[in-house]
Amino acid sequence: MTDIFDVIADGTRRDILQLLRQRSEEGDAGTSVTQIVSELGISQPTVSKHLKVLREAELVTVREDGQRRFYSIEAAPLEQVDDWLVPFLADAYGDSAPDISGLVGVPPLPDGAAHAAEVVGRAAASAKHVVQTALKRLGA
């Protein structure tokens, strides 16, 4: 299975997940590729490529209706991220750590913060890839 951190390191995939989460809260039973393309202003091939990665990571489910496919978010795999992140919050904040259990419906980060988070995420994923490649070359 794909590393969940590599999957969510990409800003486009996070945007797709955010859109699917919002639509789910609105009661939609799935979002079509056409709707994702329209909402995010991304080309259909790009959306399809990212949806494939999200499907393989089991972050989205797909329902077929004739030629159309409707995607919904599957949040359970994100528990890995939550499990990894919570100890850092506890270490950083101690007893005053923020309660992140109720963050559903929280507005997205401001553009500057979102961009910084994406840069950090991409750098982390890139560094991980470099280390993994080096270790493979060393036979470790």
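**A charged residue and its helix**

Analyst: Arg23 counts as buried at 13% relative accessibility, where buried means under 20% relative accessible area, exposed over 50% and partly exposed in between, using a 1.4 Å probe and protein chains only. This is a predicted model, in which local features need pLDDT of at least 70 and side-chain atom pairs count only at pLDDT 80 or more, whereas totals for chains, interfaces and linings use all residues. Residues are numbered from 1 along each chain as its sequence is written, and side-chain values use heavy atoms, with hydrogens and water left out.

User: Where does Arg23 lie, and which residues does Arg23 touch?

Analyst: Arg23 belongs to helix H2; helices (H or I, at least four residues) and strands (E, at least two) are DSSP runs numbered from the N terminus. Leaving aside residues up to four places away in sequence, Arg23 touches Asp28, Thr31, Gln35 and Glu39, with contact taken as heavy atoms within 4.5 Å.

User: How do H2 and H3 pack?

Analyst: Helix H2 (residues 11-25) and helix H3 (residues 33-40) pack at an angle of about 110 degrees, and their axes are 11 Å apart. Those axes are lines fitted to C-alpha atoms, for helices over the stretch in contact, and the angles run from 0 to 180 degrees between N-to-C directions. H2 and H3 are therefore roughly perpendicular to each other, on a scale where angles under 35 degrees count as roughly parallel, over 145 as roughly antiparallel, 65 to 115 as roughly perpendicular and the rest as oblique.

User: And which residues meet there, from H2 and from H3?

Analyst: From H2 come Asp15, Ile16, Leu19, Leu20 and Arg23, and they meet Gln35, Ile36, Glu39 and Leu40 of H3. Sorted by class, this contact of H2 with H3 has five nonpolar, one polar and three charged residues; Ala, Val, Leu, Ile, Met, Phe, Trp, Tyr, Cys and Pro count as nonpolar, Asp, Glu, Lys and Arg as charged, and the others, Gly among them, as polar.

User: What about H2 and H4, at what angle do they pack?

Analyst: H2 and helix H4 (residues 44-56) pack at about 80 degrees with their axes 10 Å apart, and they are therefore roughly perpendicular to each other. Thr12, Arg13, Ile16 and Leu17 in H2 meet Val47, His50, Leu51, Val53 and Leu54 in H4, a contact with six nonpolar, two polar and one charged residues.

User: That leaves H3 and H4; how do their axes cross?

Analyst: The axes of H3 and H4 come within 9 Å and cross at roughly 115 degrees, and that makes H3 roughly perpendicular to H4. In the contact, Val33, Ile36 and Val37 in H3 meet Gln44, Val47, Ser48 and Leu51 in H4, and by class it has five nonpolar, two polar and no charged residues. Ser48 counts as partly exposed at 27% relative accessibility, and its C-alpha atom is separated by 9.4 Å from that of Val37, eleven residues apart along the chain.

User: Changing topic: how many aromatic pairs are there?

Analyst: The count comes to one aromatic pair, where rings of Phe, Tyr and Trp (its six-membered ring) pair if their centres lie within 6.5 Å, and planes under 30 degrees apart count as stacked, over 60 as edge-to-face and the rest as tilted. Phe5 and Trp84 form the pair, which is edge-to-face at 5.3 Å centre to centre and 65 degrees between the planes. Phe5 lies in helix H1 (residues 4-8) and Trp84 in helix H5 (residues 79-93), so the pair ties together parts that are 79 residues apart in sequence.

User: What is the phi of Glu58?

Analyst: Glu58 has a positive phi of about 65 degrees although it is not a glycine. Glu58 lies in the loop between H4 and strand S2 (60-65) and is partly exposed, with a relative accessible area of 47%.

User: Last one: what pattern does the chain follow along the sequence?

Analyst: The chain has six helices and three strands, in the pattern α-α-β-α-α-β-β-α-α. Buried residues make up 24% of its 140 residues.
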